[in-house]
Amino acid sequence: MPCARLLLQRSHALYRRTVNTWSAVGAAFNVQHQRLEHLKKNVGLFGVSELSSPAGFQMALCQALREAEFLVHRACTHPPGAGTVETFDQLSDSLCKVADLADFIKVAHPDAAFREAAEKTCVDIGTVVEILNTNVDLCQSLKNLLENEAVLATLDPDTRRVAELFMLDFEISGIHLDESKRSKVVALNVKLLDLYNEFLSGSQLPNAIEKQVLPEHIRHCFSIDGNRIQIGGLHADSPNELVREAAYKIFLYPNTSLLLCLDELLACRHELATLVGYESFAHRALKGTMAKNPENVMKFLKLLTEKLSDRTSKDFMMMKEMKKKTHSTNPEVMPWDHAYLSGAIRTEKFNIDPSVYSPYFSLGACMEGLNNLFTQLLGVSFQTVQPKMGELWSEDVRKLALVHETEGLLGYIYCDFFRRPDKPHQDCHFTIRGGRLRDDGVYQLPVVVLMLSLPPPSGKTPSLLTPSMVENLFHEMGHAMHSMLGRTRYQHVTGTRCPTDFAEVPSILMEYFASDYRVVSQFARHYQTGEPLSESLVSHLCESKRVCNAADTQLQIFYAALDQVYHGKPQYRSTTDILRETQEKFYGLPYVYDTAWQLRFSHLVGYGAKYYSYLMSRAVASMVWRQCFLQDPFSRMMGERYRREMLAHGGSKEPMLMVQGMLQKTPTIEDFVDALVLDLDANLKSPV
């Protein structure tokens, strides 16, 4: 008994010692509970005084509109010069500061009144932007600048690029067309907004079927509503093959009205693109991107498919062998089997149990790890900030300042990390205020929100993250660093306001750091004992991620190719026929009769013609990791180059020029493909 008591005392002492060694950043997420000063003045959301109540959105909107009116007048009456671009950027900033904030609050605020006020503000700002984009006098002031060679020669490259980007916004809105065609463009944009809402809403709705249609022994797996069964997802991870098959066929059963909605949506996009002078919607969407045009995207996807062919076939053969072990009546691997069988193979080979890892990944430890990494790489660190009354939308939000060792304060990151009722279950980065150089020479500091869906702390147990949650945290923090370190002169191109196929590079690059034991070993400690996470467990995890990775990548290629075909030249056939043909070319599993997966492809709205971006960004991130950080993930020299060549410019520089500066060569489509293939084969740990 004395020995047991001594052991218990030692473990308690170790627990206290471990907790007490948290830095201020770690403690903010693991130990401390902030108390807001309720008796002090309400400073309003994000410190915007008007937003101490929902009614304040209307006040903020009115103020932004007054500023916009003044700036439009100034742009239209002053002679062309660098000041013209600065005025345009101020105009953009005055509207974005309200629109971006409202765009976040409408989805994240727990108070419905705030959400509704923010939603209305988003609609109102959208209407104003539509009017400004068709303001002929405003466009002419910019055209006077871009057509004046003498004045143009005096502009620095960033100013000239931003002027061209503003002009592109006008052209996309059909400003160069006659009045009747301009009206048509406006009408199409209004119609598209309705079609987007209809499609997004329909893509989330469950499908219902009479209860007696399904075998009795699987009905309990679904939601039963009287005599009908509601199926609202694919149940892709169910071990019961019949459940997976039923869910796939019923959830993806064609909805006639939604098929018509998608047809109309694609037709309107094509008409809009051709009206303003583009060959297709894809050509319009890809202007200014790394890929540059749809032809390059399809070349990338086809070449990647060819290079992965043998590996993909092997993955599907492994799935087929695994399916034999399940004693299935259908020996062929079907689309509803992909996720389950790849998971089963992963479990059989590695048996990764997230609960084994979570105690080593307390949120505070992960934040300390990120802080140490950024300090070594970039010379920046987090500092906890006590929020003021009314500044936050939820008391569990944490506020961080990002401070550079010589440059001082760079911006603010609000960390909305924990699950709560009515909060969207999604991980994302929101720009609340973009950075820019103001007229008085002071830099307007960027403000962002990172929103995650992590388990909240409970009692003495901190928030414990699974490996996938850690990867997501690192991913989103990559976006935050892009916003914080993109020190652009103009907010129109600040941080993540850059082409989609480049915007994901900094975030995906962070995933490589999150998988490297040299990085993980600096922070992964058991929250109770202080024991470090073993290298073998991290290696095990990394190896498991490569199981069936070729087949998983091929599925993403199929989605990207389908997106390109839908947004290319009109096919004059059904979207389902296009789906069937594209699936045969770009996926190894057969199309299932009477299904319409495209009706669940909600990315068609937000990522129209750009779904390939994730694959291309991953290729660039892989090349940057392997060439610049694999040897030493803490290299300050490479960190400084990364900031100088890639993060600092936001969207003020052509993306391929930034990649070229980082890699010190211009990569080809073939290089992108080779990087992705190498990822599947190679262990990207350090060779030392």
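Is lysine 299 buried, partly exposed or exposed? In this predicted model, in which local features need pLDDT of at least 70, side-chain atom pairs count only at pLDDT 80 or more, and totals for chains, interfaces and linings use all residues, lysine 299 is partly exposed, with a relative accessible area of 40% (buried means under 20% relative accessible area, exposed over 50%, and partly exposed in between, with a 1.4 Å probe and protein chains only). Residues are numbered from 1 along each chain as its sequence is written, and side-chain values use heavy atoms, with hydrogens and water left out.

A search of the whole structure gives 40 salt bridges, a salt bridge being a side-chain nitrogen of Lys or Arg within 4 Å of a carboxyl oxygen of Asp or Glu. One of them joins the side chains of lysine 299 and glutamate 670, at 3.6 Å from N to O. Because lysine 299 lies in helix 13 (residues 294-325) and glutamate 670 in helix 28 (residues 669-681), this pair ties together parts that are 371 residues apart in sequence; helices (H or I, at least four residues) are DSSP runs, numbered from the N terminus. Glutamate 670 is partly exposed, at 34%.

A salt bridge is also found between the side chains of aspartate 674 and lysine 307, at 2.8 Å from N to O. Aspartate 674 belongs to helix 28 and lysine 307 to helix 13, so the pair links parts that are 367 residues apart in sequence. Aspartate 674 is partly exposed at 36% relative accessibility, and lysine 307 is partly exposed at 38%.

Elsewhere, Glu241, Arg244, Lys323 and Asp337 are linked in a network of salt bridges.

How values were computed
Helices (H or I, at least four residues) and strands (E, at least two) are DSSP runs, numbered from the N terminus.
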